Amino acid sequence: MIDTPTVDWLALSPPIALLAGAGLALLSALLPEWMRKGVSGIAAIAGFAVATGLAVYLFQESSTPEVLLDGSMTRDQLAAMAQAILGVTGAAVVLVSWGERRRTNHAEYYALLATAGAGMAFFVSADNLMTLFLGLEWFSLCLYILVAIDSERETSLEAGLKYLIVGGFGSAVLLFGSALVYGATSELGFDAIGSADPSSEAFLFAGLAMILAGLAFKVSAAPFHMWTPDVYQGAPTSVTAFMSAATKTAALVAMLRILVTAFPEQSDVWTIAVAVLAAISLAWGNLGALAQRDLKRMLAYSSISHAGFMLMAISANSERGGEALLYYLIPYSAMSVGAFAVVAARERELRAPVTLDSLAGMGWERPYFGIALWTFMLGMAGFPLTGGIFGKLFVFSAAYDAGEWWLVLIGVVATAISLGYYLNVVRWLYMRSGAELRLAVAGGSPPRDPALGVAVAASVVVTVGSFFVVQPILDVASDAASALPF
Amino acid sequence: MLTTALILLPIAGALVVAILPLPRETTAGLAFLVALMEVGLWIVAASQYDFDEGGLQLDASRQWVESLGISYSVGFYGYSLWLAGAAVVVFAAAIGYALWVGRDRSRAYYALMLFLTGAVIATFAAQDLLLFYVSFEAMLIPLYVLVGVWGGERRQAATVTFVIYTMAGSLLMLASVVAFGVTQGTFSLTESGTSDNVWIFLGFAIAFAVKAPLFPFHGWLPLTYRQAPIEVAAVLSAVVSKTAIYGFLRIGIPKFPDPADDLSGLILVLASAGLVYGSVLAFRSPDLRGVIAYSSMAQMGLITLGVFAFDDLGVDGAILQSVAHGLISASMFLLVGMVERRCGTGELDELGGMARGRPTLATVVLLGGMIALAVPGSATFAGEFLIMAGVYGQGWGYSVVVALGVVLAAMYILRLISAVLHEKPGRAVREEALDLRLGELGLVIPLLLVLLGLSVWPALVSESSFTTHDASPYASLGESPP
């Protein structure tokens, strides 16, 4: 008889719900063709919705962190909050995907989306190096296929291949780093690594650096970002929306957890390393975005710069930093999904990639999407009346509190540069007319897509709502951050 | 409550105007009605404010982000109530002017104007540093679109320069807001203490200097004032610039007494330079808008001299001058707009001789010009005199500069009057160009009447702005921070 650890099924329920949704979506392949799309989509969104509900319940029931499954997973409010964000993001992405003009592969698409969500939900609660790697590979493999799922488009295939190679390299680096850390401490669990007496400082630091680099690939922090623009541009827009919001959420939360729990002794080194990553991401992301004309590419660079802001919060290595990161993730995810949703809508209307030119006059012709995109751009730039401003404020306060005033200055300069491209989008939306440039189609009505409209509306509500309702979100974030031993 | 209503009324109006699919005239009329209601509401607020007692009144406070000490706190001091009063009057006139000339895409246009009104009032009422920053930034969003969509030929270039300048300033201020708030543990302006950090002060000072604009941060001014729709230029010069003065008086000086004192010499020199330089540029400017735009820069230099005089007379004069300049520059901009509409250009070379056959236009322009050049007996003269007297304590040279500014103002305003009204009829002035119409008079005359009222009784503003000691921005000067 093998000794099996007791299983806390509730703690595992969010990934399980998502896997169930994925299974149901796959089973829709048995149905007649006209039902497949509807059934698989509903299965996926139901999976995300149930996972969100379970995560919220878990959040309330897990005020003291518990270690599960022999120290391989943890049940705490940090994981639950991240799972809730992931669940809502995933549901919104399903709504965005609904109107995608794809002839086949509906069942596979939604099943992979839900499975990727399950992998992320698992990843954020990983508590040892093995489960961390397992979770990372789990959702990465799904994403490799999702990126390439529009197999009739060459760019989609190219993006998939690029992501596979670079992502595989990133995973390998993470795995090698994990091996070095295990070699130095003979421990796999994060807590145990933190309290172990390392046999070799050099191995431990090399391992730490490699783990950080491996996660930085997923966060798309510069200088590990080079896949981001190509993949974000080539992937189907709904998948890009999912990657920009969900992958970042999962990877940043995991990074926060492993750095704070497993490497408290080395914090003077990794805070500087993360701060440097943040600074490079801010510089590279913002300067790169300035040069882009393709909107998806521009948003890809913008997501690199947001990774920089969020890394700033991690580098503060304080409870306040954790709170700032978790707060930031909420408006950021909403703005990111929303912006890509508007891009998807424009893409479907024009049947061509969306460049700045093709936005000309859109603000007046499609007022709803115009105002929404305007809101998201201002939010990303950190203007008031969006949660973006508080995200920046909290991140800056945390960094300033941690004595990193130079990083705050870099963040301020980066924000100034970012206005160049965010406001440029607004300029194209409202201050150029499509007729004058003879580019975009004017008049007529776009394809009806109520599901996408709902996703955009929800994103606007979260983006603006997180400006007015700050304290309740911050309370939740603070509970979640207190699960870590700062 | 009343203060919150003053902030929310125009914002609610903006939402209604944006959402209701009304025809163009109805939309404009509704927006104008909201702007007039705002003026009415301000009168109610002013009647409830006890000017004898002074200090912070009509205040309201609600927690916003407790853990960082951020709250929604609003209220008025005597001086900020006057600044807000000038703002609501100018906004009503500007929206009325837009109603008169008719703006296309009216729902968006009036929604943005009303939103801007709300943001400006919120800036003047903010008693929390973050709320101040938020409202200060929020002004930029409508301004950006108003200039960029409804502006002149080179509006795109204008918005880019405007945004780069203002945001560079604002973001430095954000860094300062974070640094000050985190160090103090609260963002409340009423609860926080003082700081002696020069860098944090500079972050604020530069943001305000760009917004005002003060020499040498005025690079955005000529293009923006020329390209903006004329009523938006009026609002920019009359109202938005005054938020910088409020910033200096509510944050810059009281929260950073030592740095403000240390740097006051530099600021006074720059303000003097701006006063003279702006006046000279106004005198040399080839077009109407240029004259008013640069004169506005000169006047902001003058007001800054009053603020940094560190003298009660000087700051009383600064507030009186802020209110008077707000009203007069709005009137002048609107008059310029009316002339431009008749002639299709604002180039001084092409104008002239408009007085003949247009008696009302001539009278109103002359009256406005007389107040603008601070003829003795006018409210602007009273303001300039107080500033001159106040700044004397900092050095007699500054008073000489102020006097020089008065002389230069006479020169550029008289040049403007003669170039428009007198001389031979210009090429652009057609015989059939009309005199001022009743609707136009209805917008300018109330502004000028208020100014005449203030000319008769300038003490109404200057003696009720800072009544008690603790309302004075200089109360914390000389105290060392804890």
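## Close-ups of a predicted two-chain model

Figure 1. What is the chain built from? Count 20 helices and two strands in chain A. Buried residues make up 65% of the 486 residues here. Look at the contacts in chain A with a separation of 6 or more, too: 79% of them link residues 24 or more positions apart in the chain.

**Figure 2. Two helices of chain A cross each other.** Zoom in on helix 3 (residues 77-97) and helix 19 (residues 450-468) of chain A, which pack at an angle of about 145 degrees with their axes 7 Å apart. Helix 3 of chain A passes helix 19 of chain A in a left-handed crossing. So who's touching whom? On the helix 3 side you'll find A:Ala92, A:Leu95 and A:Val96, and they meet A:Ala451, A:Leu452, A:Val454, A:Ala455, A:Ala458 and A:Ser459 of helix 19. Sort this contact by class and you get eight nonpolar residues, one polar and no charged ones.

**Figure 3. Here's where chain A meets chain B.** At this meeting place, 24 residues of chain A are in contact with 25 residues of chain B. Which helices of chain A each supply at least two residues to its side? They are helix 16 (387-401), helix 17 (405-430) and helix 20 (470-481). Helix 17 of chain A gives the largest share of that side, with nine residues. By class, the side of chain A that touches chain B has 18 nonpolar, four polar and two charged residues.

**Figure 4. Inside chain B, two domains touch.** Chain B splits into domain 1 (1-255) and domain 2 (265-476). Taken over C-alpha atoms, the centres of these two domains of chain B are 22 Å apart. Where they touch, 43 residues of domain 1 of chain B are in contact with 46 residues of domain 2 of chain B. On the domain 1 side, helix 3 (78-101), helix 9 (221-227) and helix 10 (230-255) of chain B each supply at least two residues. Helix 10 of chain B gives the most to that side, with 14 residues. Sorted by class, the domain 1 side has 30 nonpolar, eight polar and five charged residues.

Terms used
Residues numbered from 1 in each chain as written. Chains lettered and ligands numbered in written order. Predicted model: local features only at pLDDT ≥ 70, side-chain atom pairs only at ≥ 80, totals over all residues. Helix = DSSP H or I, 4+ residues; strand = E, 2+ residues; numbered from the N terminus. Buried ≥ 20, exposed ≤ 12 C-beta atoms within 10 Å, placed from the backbone. Contact = placed C-beta atoms within 7 Å. Domains from an automatic or database assignment. Nonpolar A, V, L, I, M, F, W, Y, C, P; charged D, E, K, R; others polar. Axes fitted to C-alpha atoms, helices over the stretch in contact; angles between N-to-C directions. Left-handed = near helix turned anticlockwise from the far one by under 90°.
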